[in-house]
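Subject: A structure for you to look at

Hi there,

Here is the structure I promised to send you. Have a look at it first, and then read my notes below.

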Amino acid sequence: MSAPVGRPDVTSLAVGDVIGTRTIPVDRARLVRYAGASGDFNPIHWNDGVASDVGLPGVIAHGMFTMGAAVTLVAEWAADPGAIVDYQTRFSRPVPVPARGETQIEVVGTVGSIDLDTQTVRIDLTVTHDGARVLGKSQVRVAL
């Protein structure tokens, strides 16, 4: 049985291969839409006063928003979001979002390991904002 059209061939991959990069724009409108979809209306994601009262640099993006936006790179590379069988990360820094305009999150996906017996690969994501990692040990296991 052959892999679905567009899905990478596990035998053609090597550890260290970059599967792609992505720049994700983040603005307050996106945070509002995410809050509505997720039900996370914590005011640190929309109210500068509350955010600064708790020691944050201002309104910050939802960690789950950042996590979800970052993994789209892998879902598109795999040509099937259902190919992702595991995804783990740690939230290491907040992503401040300005009141006007937008900020950006940078994502780089690299093949971290390959298991030919199970036809799976681990993709390591490097997710940064202003050059600092915002997600740590971001690993996505994909069945190809």
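A residue counts as buried when its relative accessible area is under 20%. Please keep in mind that this is a predicted model. With that cut-off in hand, take Val-107: its relative accessibility is 1%, so Val-107 counts as buried.

Where does Val-107 lie? Val-107 is part of strand 3. Leaving aside neighbours within four places in sequence, Val-107 is in contact with several residues, among them Gly-20, Thr-21, Arg-22 and Ile-24. Ala-70 and Leu-73 are also on the list of contacts of Val-107, as are Leu-125, Thr-126 and Val-127.

Now the overall picture. The protein has three helices and five strands, and from the N terminus on they run β-α-α-α-β-β-β-β. Along the principal axes, the C-alpha atoms fill a box of roughly 55 × 25 × 20 Å. Of the 144 residues, 40% count as buried. Among contacts with a separation of 6 or more, 67% are between residues 24 or more positions apart. The accessible surface comes to about 7700 Å², and carbon and sulfur atoms hold 53% of that. As for charges, there are 12 positive and 15 negative ones, and their mean positions are 4 Å apart.

At Thr-72, helix 3 bends by about 30°. Just after the helix, Ala-79 takes a positive phi of about 65°.

What do the buried residues of helix 3 pack against? Their partners are helix 1 (28-38) and strand 1 (18-26), together with strand 2 (84-91), strand 3 (103-115), strand 4 (120-129) and strand 5 (132-143). The buried residues of helix 3 include Phe-65, Met-67, Val-71 and Trp-77, and Ala-70 and Leu-73 are buried as well.

Is Thr-66 buried or exposed? Its relative accessibility is 4%, so Thr-66 counts as buried. Not counting residues up to four places away in sequence, Thr-66 touches Ala-61, Val-95, Ile-105, Val-127, Val-134 and Leu-135. Notice that Val-127 is a contact of Thr-66 and also of Val-107.

Happy exploring!

Note on methods: Residues numbered from 1 in each chain as written. Predicted model: local features only at pLDDT ≥ 70, side-chain atom pairs only at ≥ 80, totals over all residues. Heavy atoms only, no water. Helix = DSSP H or I, 4+ residues; strand = E, 2+ residues; numbered from the N terminus. Buried < 20%, exposed > 50% of the residue type's maximum accessible area, 1.4 Å probe, protein only. Contact = heavy atoms within 4.5 Å. Areas by Shrake-Rupley, 256 points an atom, 1.4 Å probe, with all protein chains shown as cover. Lys, Arg positive; Asp, Glu negative; His and termini not counted. Charge placed at Lys NZ, Arg CZ, Asp CG, Glu CD. Bend = angle between axes of the 7 residues up to and from the residue.
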